[in-house]
Amino acid sequence: MRRRLVYALAAPVLAGVAALTISAIALLAIGENPLDAFRAMWESVNSADSVTTIINTAAPYYVMGLAVALSFKMGLFNIGADGQFRLGAVVAAAAGAAVTLPAPIHVLYVILVAMAVAGAYAAIPGALKVTRGVNEVVATIMLNFIATGITAYLIATHFRDPKIPEQAQTKPLPKSAWLPALNRPLRWFGYHLPSQTVMQGFLIVAILTGVGFFLLVYKTRFGFDLRTSGANPRAALSSGVNPNAMIMKTIILSGALAGLAGMGPLLSDLHLYGDIFPTALGFTGIAVALLGRNHPGGIALAAVVWAGIEQAARGLPAVGVPQEIGKILQGTLLLAAVVAFEVVRRYGQAAQVRDAAAKAEALHRNVPLGMAAT
Amino acid sequence: MTATTSPPSNALNNAFDRTRTALDDSPPYVRPLLYAFGGLAVLSIVRIIAGAPEMTAGTTFIAAIAAMSPIVFAALGGLFSERVGVVNIGLEGMMILGTWFAGWAGWHWGPWAAVVAGAFGGALGGLLLAFVTVTFGVDQIVAGIAINLIAPGVTRFLSSELFVGRADGSITSSPAMSGTVQRFTFPFIAGGSFFGWHTPDPLGWLDKRRWFLVSDIAALGRGFTTSLAFTTILALVMLPVSGYVLWRTRFGLRLRSIGEKPSAADSLGVAVYRMKYIGVTIGGALAGLGGAWLAIDVRAYNQDQTAGRGFQGLAALIFGNWRPAGIGAGAGVFAFAQSLTQRAGTAPVRALFLLAMLIAVVLAVFLFARHRLPQAFGAIVIGGLAYLYYLSSKKHGVNNQIVFITPYVVTLLVLTFASQHLRPPAAEGRPWRKGDIT
């Protein structure tokens, strides 16, 4: 148990050290003092306002990470979360702006539309894989670009807000479809945020999704089948899991979660879909899922770290260091992490084999030869 | 028992196999020529029906051949990488590195230095992919995604240091390249100059007549002979060169053997790890050349210049069944659709949808004759959608975004309907450790 904990911690620590070292070398190469830069980064995250920004940014990253992780868990690579969430968001934005409903139902309606559309779009690569054996990685990459084309087409034509002809964007959602901010409930608990700071309500959605993900994957039969299918498809098959049904269920659920992730920017921040809408959220989700090792706890940490680096980098121009060092830090962290996980996994496996061999030998030595037979 | 199930001799097989045609026994260059001829004939009919003569004008093909080059480079990059068994999702990232290095070197020393530097930048990306997947055995898809995420960050960081505040450089673009790459037009057939003498341009003359098929063939000929940038010629030459290296040399045989069965190659003394490194790095260099092509084309590095061409290259690689000739065809089709959108007037783009409808109908009839009813139904649905858009675009005009998705839709359709004809390298995607028996 103790050893498992060491192995679990070794990889992220190694990756963090490697990422910081490489970033420090990059800083030294351009003639900056890394310590000054890192201090500026720390100061940039060390305020209530910054922490709120980080949490607001991390919440959709987290849900997107969960969406991707669900498919990764069963060995499916849903690279298409990006296209799924954008298609879901654009249809949900248009559908939400087109109706008048009382507040809680309106929010729920928009969320359901987004999840349904994104899930349906994710069903395409699933169906192609199940019926035609098409590799889901390639299919989802193609579908990402197709979604880019379709969303651009939709906001330029059918879903365009006629009041703002110069901008290709949807009509803004009415107030009844906004997720309320969390400032007031936080005040009840004695947390007073600065007046300009808004803690977005999507945080609650993210937390609930995380809990739901944990229960689904680790406490239900479906979750067990999912994990078995990922770890050993043959074992899953012989235990009676229908692989095709499993693929369809997982990828549709993964897509629906991706659609939910897009609701962060839509319901809590921008309230419309346009060019300003974040585009690479799906790829951030992949990074966060990989960093968090597909575990709801790990992904939460990874989402906060990822958003934290973004916020920290904003403090760099003040000390004359390019903000892009944050991207280097993120990239090297991701690459170092996937390498470290693999190295530690292999090292752990070798250690296990060694242990087993040593145990067998010890057993053999302690038991007299004649006794071993009985 | 074994006697009855063993395959009959080849001649006997040919005699009894009804699907075998004269085409199968003809020399290897006949089939692609026939396809090209047939394709042009269909295009010619479509442009006449749709009243869009500029659809197959020489200028369209000249633009298409140029637009094809970066896709060809990217796809060849993927070919070298995947032929040694490493799936390359990171092509886009390697191309981005290529554009940056090309922009930097081109600003200092001109376009030819940009070509070299672009290849170098892409090779760095390839080396990183090889390092992570071969030495550490990290999942290849994961590593490729990581490279795509890292490359834009690295180039932006480098731009902030080396471009901001220098000449007309900025965080998103390099200073303009010094000098341009030379262009070449063939004399006597496309009107290029011959020792200072402006030769006649018979292809251009034929192209202008807009005769059925004849003019279209001339126009395609102009595409391959008129105003070719030397970087474009390099791309076109790399197609047969790659084919030769991979299929006609000892080195190529070794590379491909690793993508098919690494343990067998290992047992025969091929240095599997080293060859994997070489293949993936060459692939990266080729993708980098694609990036260099883009930077040289507009004489500067610009952020997001690649605009998904790495993925289009991946699509062309799959469309082309992991072979150079197929890659050329795939890249050509994608580039043709792109060059149509860039041309003024909506008629040619609308004609494209009419073309899609016709292809779908032909395909449906063909599939129906082969009793593949679900596929035939799918083809009819797709053809119907294309025709609906063709009709609606008459009133609402066309949206270039819809054409933008063509390469991706085509690739998905090929994957869906022709996946049984695709044959990727057998060991693709699987990490291999020395001692593994797969």
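Predicted model: local features only at pLDDT ≥ 70, side-chain atom pairs only at ≥ 80, totals over all residues.
Residues are numbered from 1 along each chain as its sequence is written, chains are lettered from A, and side-chain values use heavy atoms, without hydrogens and water.

Me: Why is the pair A:Glu324 and B:Arg156 called a salt bridge?
Reply: The rule asks for a side-chain nitrogen of Lys or Arg within 4 Å of a carboxyl oxygen of Asp or Glu. Here the closest N and O atoms are 3.0 Å apart, so the pair meets the rule.

Me: What makes up the contact between the two chains?
Reply: With contact meaning heavy atoms within 4.5 Å, 43 residues come from chain B and 39 residues from chain A. About 3600 Å² is buried between them, 82% of it on carbon and sulfur atoms; buried area is the accessible area (1.4 Å probe) that two parts lose on being put together, summed over both. In chain B, B:Phe136, B:Phe157 and B:Leu412 lose the most area to chain A, together 17% of what that side buries.

Me: How do you know that α16(B) is mostly covered?
Reply: Buried means under 20% relative accessible area (1.4 Å probe, protein chains only), and 14 of the 19 residues of α16(B) are buried. This helix, a DSSP run of H or I with at least four residues, covers residues 324-342 of chain B.

Note on methods:
Helix = DSSP H or I, 4+ residues; strand = E, 2+ residues; numbered from the N terminus. Expected span 1.5 Å × (residues − 1). Buried < 20%, exposed > 50% of the residue type's maximum accessible area, 1.4 Å probe, protein only.
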